Every structure is written in C-alpha cells, then in structure tokens.
Amino acid sequence: MSETLQTADVAASDADLLSQTAIAVRAAGSALRERFGEVVRYRTREELMRALAANDDTALDILRPLLTRLRPDAGWVEEELDGGALPPGEWWVVDPAEGNVNHLHALPEWAVTATLVRENQPVLTAVHLPLTGETYTALTGAGAHLDGRPLHVSQTADLGLSIVATSQARPEEDEKVVRRVGSSITAMLFGALVVRTAVPATLHLLNVAAGRIDAFWQFAGARADLLPGALLVTEAGGRISDAEGRPWIPQSESLLAAAPGVHAEAVATLSR
C-alpha cells in the first residue's frame, strides 16, 4: 500500500498520528535529498542565510499542510533556535532541516524532525534521515523505534569505557556558555573513552537512544533540536536531566541524555 496521508479526525489515536507524522517527514526528506550533493557556495552571511532558508522552505512547504491537516488546531513552531516553554495546548515543533549547514556543505549529518507537544510535554516524534532512509520514532509510553525495531540505550556502566558526545555552541552564543562547552569537553576527555563533537544535536541523541553512544550533553539549546531526541532517549530507557542531574525541561540551561549506568558519573564529570 502506498504511503498516503489519511484524513485525521479528532478521535485519531496518537499511534495513528505518529504513523502519519512519519510519512510527512519522509516526504519532506525526499524533497531535501533532491537538493543535496553539491557544496553550496556563499561569500557572505546574508548569502548563507538565504541558502539555509531555501532548504527550510522546501521542507516546510510539504510539512506544514500535512501536519496541519493531521492536527488543525495545533499551534506551529518552526524556528529552530527558539527555546523555553510553550503556551497551553498542542503544538507542532518542527525542524525542517536539522543540520541544515551540513546539508549545504554536502555532509551527511542532517535530518527532518516533527514533534507533537501537548501541554509542554512531547507526545510523539518522528525523525527521518533521508540519506540512509532511516526513520526514528517515539511515542510516550510505547517505546522508541528505528523503522519499527525497538531501540534500547547501552548497558555501559563505566564512563571510562564510554563514547560520549556534545555539539558546538550556537553562533553568537553567550561567551560564558562557549567557555562552559570548552571546559566540559576537557573534563570528558579525561573521563570518557572517546569524545565526539559535531552538530546537529538530534543525531547524537538518536545514537544514545540506539545504544551506539553512551551519553550526550549540551548547554543552552532549543526546543526543536532537543525535544525529539529527549523523547527518543527516554522511551529507549535512557535518563534525561540537566547537566547537574536535575529534571530537564525545555527552559533548562543544559541537557544530559545518558545510559542509566553512566548518568551519575557523567553528571559528576560535567560538574568539575
């Protein structure tokens, strides 16, 4: 049976919504894949921003009508740098080209994400990697999956045997945050087996959920690049907190996602 979006009704289950959301992100991903392959040349920040916006618009032209059709009364968030709490109700939190700058540089680390947030809690998420064809999904209380196969975080219980990861501070980030990122990497270089540093955050979080790496941390951050992965890691059996070990919420100043066996040690290392 071909993948065609079904007309949603108010009684549609969250599982049905997740299935249709996955179809939507795959459709948007196909359009971005057609634009991928050559390095996009730019000489100024303005040219870079126009190139980024062109990719976003290509995906949004597909995502917005499909997701709106699924949940007509839900709000819409597409600014990937926004953070903090959302107003009451349901919201689509979308990153149409997560890792957009990688796409422009013909690098493979990019994705399309869509997350339904209800009363400030992520309910379901779908993350599609167009170059591999993989689709990661999570539904609150129903687990995390890769193309239908259950995901589980790693069983590692020693940070010294762990692969960990973080992402770069955002452009024009506060200097204190940038320096905190640098000191945290240094601490992890002493504490962990391997430290990976790259963008985007979502792909690191996918790897935590899949058990490929053992922990990911980030300072600051935004809803669109943290909510999908946070739900995937939680549903795959991982622990989510801020870098000090406190409960994480979208307003938090940091995020730590880890396998349960290394979470406490990761908190202690980041707090040095």
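In this predicted model, Asn100 has a relative accessibility of 7% and therefore counts as buried, the cut-off being under 20%. Asn100 lies in helix H3, which covers residues 100–104. Leaving aside residues up to four places away in sequence, Asn100 touches Leu52, Asn55 and Asp56.

**The seven-stranded sheet**

Seven strands make up an open sheet of mixed pairing, in the order E1-E2-E3-E4-E5-E6-E7. Its edges are strand E1 (75–77) and strand E7 (149–150), each of which pairs on one side only. Strand E3 (residues 111–118) and strand E4 (residues 121–129) run antiparallel and are joined by seven bridges. Within this pairing, Val112 has His128 of E4 as its bridge partner.

Two helices, H1 (residues 14–34) and H5 (residues 201–209), pack on this sheet. Helix H1 touches strand E2 (90–98), E3, E4 and strand E5 (134–139), and its direction makes about 35 degrees with that of E4. Helix H5 touches E2, E3, E4 and E5 as well, with its direction at about 100 degrees to that of E4.

**Helix H1**

Helix H1 has 21 residues and reaches 31 Å from its first C-alpha to its last, close to the 30 Å expected at 1.5 Å a residue. Its buried residues include Leu17, Leu18, Thr21, Ala24, Val25, Ala28 and Leu32. In an α-helix there are 3.6 residues a turn, so residues three or four places apart point the same way. The buried residues of H1 pack against helix H2 (45–70) and H3, and against strands E2, E3, E4 and E5.

**The aromatic pair**

There is one aromatic pair in the structure. It is formed by Phe36 and Trp110, whose ring centres are 5.5 Å apart; their planes stand at 40 degrees, so the pair is tilted. The pair links distant parts of the chain, since Phe36 is in the loop between H1 and H2 and Trp110 is in the loop between H3 and E3, 74 residues apart. Phe36 is partly exposed, with a relative accessible area of 23%, whereas Trp110 counts as buried at 2% relative accessibility.

**The five-stranded sheet**

A further open sheet has five strands in the order E9-E8-E10-E12-E11, again with mixed pairing. Strand E9 (194–197) and strand E11 (239–241) form the edges, each pairing on one side only. From one strand to the next, the twist averages 15 degrees. E11 pairs with strand E12 (residues 254–258) in the antiparallel sense over three bridges, and Ile240 has Ala257 of E12 as its bridge partner.

| Helix | Strands touched | Angle between directions |
|---|---|---|
| H5 | E8 (163–166), E10 (215–219) and E12 | about 150 degrees with E10 |
| H7 (residues 260–270) | E10, E11 and E12 | about 145 degrees with E12 |

H5 is mostly covered, with nine of its nine residues buried. Among them are Leu203, His204, Leu205, Leu206 and Asn207. The helix is followed by Gly211, which has a positive phi near 80 degrees.

Key: Residues numbered from 1 in each chain as written. Predicted model: local features only at pLDDT ≥ 70, side-chain atom pairs only at ≥ 80, totals over all residues. Heavy atoms only, no water. Pairing = 2+ DSSP bridges. Helix = DSSP H or I, 4+ residues; strand = E, 2+ residues; numbered from the N terminus. Contact = heavy atoms within 4.5 Å. Axes fitted to C-alpha atoms, helices over the stretch in contact; angles between N-to-C directions. Buried < 20%, exposed > 50% of the residue type's maximum accessible area, 1.4 Å probe, protein only. Expected span 1.5 Å × (residues − 1). Phe/Tyr/Trp six-rings, centres within 6.5 Å; stacked < 30°, edge-to-face > 60°.
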